[in-house]
Amino acid sequence: MARLGAVTALLAALVGAMVLAGCTSVTDVKVGDCFDGGAEGQQVIAVTPVDCAKPHEKEAFSVFDYQGAGDAYPGQVALDAAAEERCRRDFQAYVGIDYDSSKLGILYFTPSEESWKAGDHEITCAITAEDAAQKLTGSKRGTRE
């Protein structure tokens, strides 16, 4: 059974400092990027990019802006609901098999209230191994795993 989890993304004023450690802002992750960092239930500012051919924890497969809240923070429940619905749908288009039939997991990154106020309305969906202790190797795009 695949697993689905959430991470809250923080947008920090000190985003430039993370580049020194070889990290990138979670808001800079694009579809197809592979990376390490950000465990379920954490608040995260940065992740570490990894070549998809090498062992990695996550692969972004959908990145979209939350719609409908205007400037007001919609709350974590609304963000989670939007992320779960869209991530499940976009998973099939990216991997080639529906999420419930897959051996892979999903972890999504949503904006915190603080990052929302700073203009971050982005939700990022990422593939993970079903067992969080395992790593992925190679892109999962079109693999039907």
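The model is predicted, so local features need pLDDT of at least 70, side-chain atom pairs count only at pLDDT 80 or more, and totals for chains, interfaces and linings use all residues. Residues are numbered from 1 along each chain as its sequence is written, and side-chain values use heavy atoms, with hydrogens and water left out.

Side chains of opposite charge can pair when their charged atoms come close. A salt bridge here means a side-chain nitrogen of Lys or Arg within 4 Å of a carboxyl oxygen of Asp or Glu. The whole structure holds nine salt bridges.

Start with lysine 58. Its side chain meets that of glutamate 57 in a salt bridge, at 3.1 Å from N to O. Lysine 58 is buried, at 5%. Glutamate 57 is partly exposed, at 27%.

Now move to helix 2, residues 76-95. Helices are DSSP runs of H or I with at least four residues, numbered from the N terminus. Arginine 89 and glutamate 85 both lie in this helix, four residues apart, about one turn. They form a salt bridge, with the closest N and O atoms 3.2 Å apart. Arginine 89 is partly exposed at 47%, and glutamate 85 is partly exposed at 45%.

Aspartate 90 and arginine 86 are also four residues apart in helix 2. Their salt bridge has its closest N and O atoms at 2.8 Å. Aspartate 90 is buried, at 15%, whereas arginine 86 is partly exposed, at 26%. Glu85, Arg86, Arg89 and Asp90 are linked in a network of salt bridges.

How values were computed: Buried means under 20% relative accessible area, exposed over 50%, partly exposed in between (1.4 Å probe, protein chains only). Helices (H or I, at least four residues) and strands (E, at least two) are DSSP runs, numbered from the N terminus.
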